[in-house]
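Dear colleague,

Please find the sequence and the structure just below, followed by my notes on what was found. I would be glad if you could read the notes with the structure open beside them.

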Amino acid sequence: MGAYVFAFAAGVLFLQSYSGLPESLWIYASGAFVFFLIKTPKLACFFLGFVWASMYSDSVLTDRLLSELEGQDIVVEGYVEGLPQQFERGVRFNFNPKKVNLPQTLRLPTRIRLSWYYPSTTVKPGKSGT
């Protein structure tokens, strides 16, 4: 069992040695290749680790603010997720947007890391009204 975990971790680390993510076609091809490696489970675990890390990294990188929205003021409703962190000039917190007035083609990330400088009120975690 330990050898399989090591092979999976080696596949994840192999992806980390690249400066960028492989194209989606290569990710899916590697995933399909795993089924042909069933007779060599260690190699299959290596490719499984590589595919898993590639797909996870791709999903994280696609959940970011679109360049068209940078520098624009957007009214967003949501809630503070987790505990706010005080710093010298204000407070930082994760914000989970629920309502936003944007066209259907544009979207916000599922979680936004905000910094509020010199806030006039206290930031509290949780959903309002619940």
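Tyr56 is found in helix α3, which covers residues 41-62; helices (H or I, at least four residues) and strands (E, at least two) are DSSP runs, numbered from the N terminus. This is a predicted model, in which local features need pLDDT of at least 70 and side-chain atom pairs count only at pLDDT 80 or more, whereas totals for chains, interfaces and linings use all residues. Residues are numbered from 1 along each chain as its sequence is written, and side-chain values use heavy atoms, with hydrogens and water left out.

Helix α3 has 22 residues and reaches 31 Å from its first C-alpha to its last, which is close to the 32 Å expected at 1.5 Å a residue (the expected span being 1.5 Å times one less than the number of residues). Its buried residues are Ala44, Cys45, Phe47, Gly49, Phe50, Val51, Ala53, Ser54 and Ser57, where buried means under 20% relative accessible area, exposed over 50%, and partly exposed in between, with a 1.4 Å probe and protein chains only.

Although Val60 and Pro109 are 49 residues apart in sequence, they are 9.8 Å apart in space, C-alpha to C-alpha.

A search of the whole structure finds one salt bridge, defined as a side-chain nitrogen of Lys or Arg within 4 Å of a carboxyl oxygen of Asp or Glu. In this salt bridge the side chains of Arg111 and Glu81 meet at 2.6 Å, N to O. Arg111 lies in the loop between β2 (90-100) and β3 (112-117) and Glu81 in strand β1 (residues 76-87), so the pair ties together parts that are 30 residues apart in sequence. Glu81 counts as partly exposed, at 23% relative accessibility.

Thr110 lies in the loop between β2 and β3 as well, and counts as exposed at 54% relative accessibility.

The protein has three helices and three strands, running α-α-α-β-β-β from the N terminus on. Its radius of gyration is 21 Å, well over the 14 Å that the globule rule gives for 130 residues, so the protein is more spread out than a compact globule (the radius is taken over C-alpha atoms, and the rule is 2.2 Å times the number of residues to the power 0.38). Of the 130 residues, 25% count as buried.

The mean pLDDT is 81, and 92% of the residues reach 70 or more; pLDDT is the predictor's confidence in each residue, from 0 to 100. Confidence is lowest in helix α2 (residues 24-36), at a mean of 71, and highest in helix α1 (residues 2-16), at 91. Where pLDDT is low, the predicted coordinates should not be read in detail.

With best regards
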